[in-house]
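Let's take a walk through this structure together, starting with charged side chains and ending with nonpolar ones.

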Amino acid sequence: QVQLVESGGGLVQAGGSLRLSCAASGSIFSINTMGWYRQAPGKQRELVSRISSGGSTNSADSVKGRFTISRDNAKNAVYLQMNSLKPEDTAVYYCNADIRQSYREGYFTHWGQGTQVTVSS
């Protein structure tokens, strides 16, 4: 079994900052790409940022220059530093990781339970 547990969400005023954390645990052989997605009420889930095992990143245009994704491979963790937050960043943020549980298996995508981020104007 694999679990992804997020933390760090909350309520912040516009212009403020939050740091999200996500740690993967359980039966893990290796992790490829890790990322953050978000879903606002009435909207589809969208990619925020993702990072490869080698550290290559890509992010949505709406967060470039404000959000920074990073990871700690030794801790099976991924982080999202969110600065200059805007009300339109309000959403449930989900952690995601492509995990291989043994050398005999391929990579499967796992999701966390989500953490609420609310930005007030």
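Is Lys64 buried or exposed? In this predicted model, Lys64 is exposed, with a relative accessible area of 51%. That value just clears the cut-off, because exposed means over 50%. Lys64 has a charged partner, too: its side chain meets that of Asp61 in a salt bridge, with N and O 3.1 Å apart. Asp61 is also exposed, at a relative accessible area of 63%.

That pair is one of four salt bridges that turn up when the whole structure is searched. The general idea is simple: side chains of opposite charge can pair when their charged atoms come close.

Now look for Asp89. Its side chain forms a salt bridge with Arg38, at 3.0 Å from N to O. Asp89 sits in the loop between β8 (77-82) and β9 (91-100), while Arg38 belongs to strand β4 (residues 30-39), so this pair ties together parts that are 51 residues apart in sequence. Here we are away from the surface: Asp89 is buried, with a relative accessible area of 1%, and Arg38 counts as buried as well, at 6%.

Since Arg66 lies in the loop between β6 (57-59) and β7 (67-72) and Asp89 in the loop between β8 and β9, the pair ties together parts that are 23 residues apart in sequence. Arg66 is buried too, with a relative accessible area of 10%. Follow the shared partners and you get one network made of Arg38, Glu46, Arg66 and Asp89.

Next, the nonpolar side. In soluble globular proteins, nonpolar side chains tend to be buried together. The largest nonpolar core in this model has 27 residues, and the ones that touch the most other members are Trp36, Phe67, Val78, Leu80, Met82 and Tyr93. Where does this core draw its residues from? At least two come from each of β1 (2-7), β3 (18-26), β4, β5 (46-51), β7, β8, β9 and β11 (115-120). The largest share belongs to β9, which supplies five residues.

Technical notes
Residues are numbered from 1 along each chain as its sequence is written. This is a predicted model: local features need pLDDT of at least 70, side-chain atom pairs count only at pLDDT 80 or more; totals for chains, interfaces and linings use all residues. Side-chain values use heavy atoms; hydrogens and water are left out. Helices (H or I, at least four residues) and strands (E, at least two) are DSSP runs, numbered from the N terminus. Buried means under 20% relative accessible area, exposed over 50%, partly exposed in between (1.4 Å probe, protein chains only). A nonpolar core is a set of buried Ala, Val, Leu, Ile, Met, Phe, Trp, Tyr and Cys residues joined through side-chain atoms within 4.5 Å.
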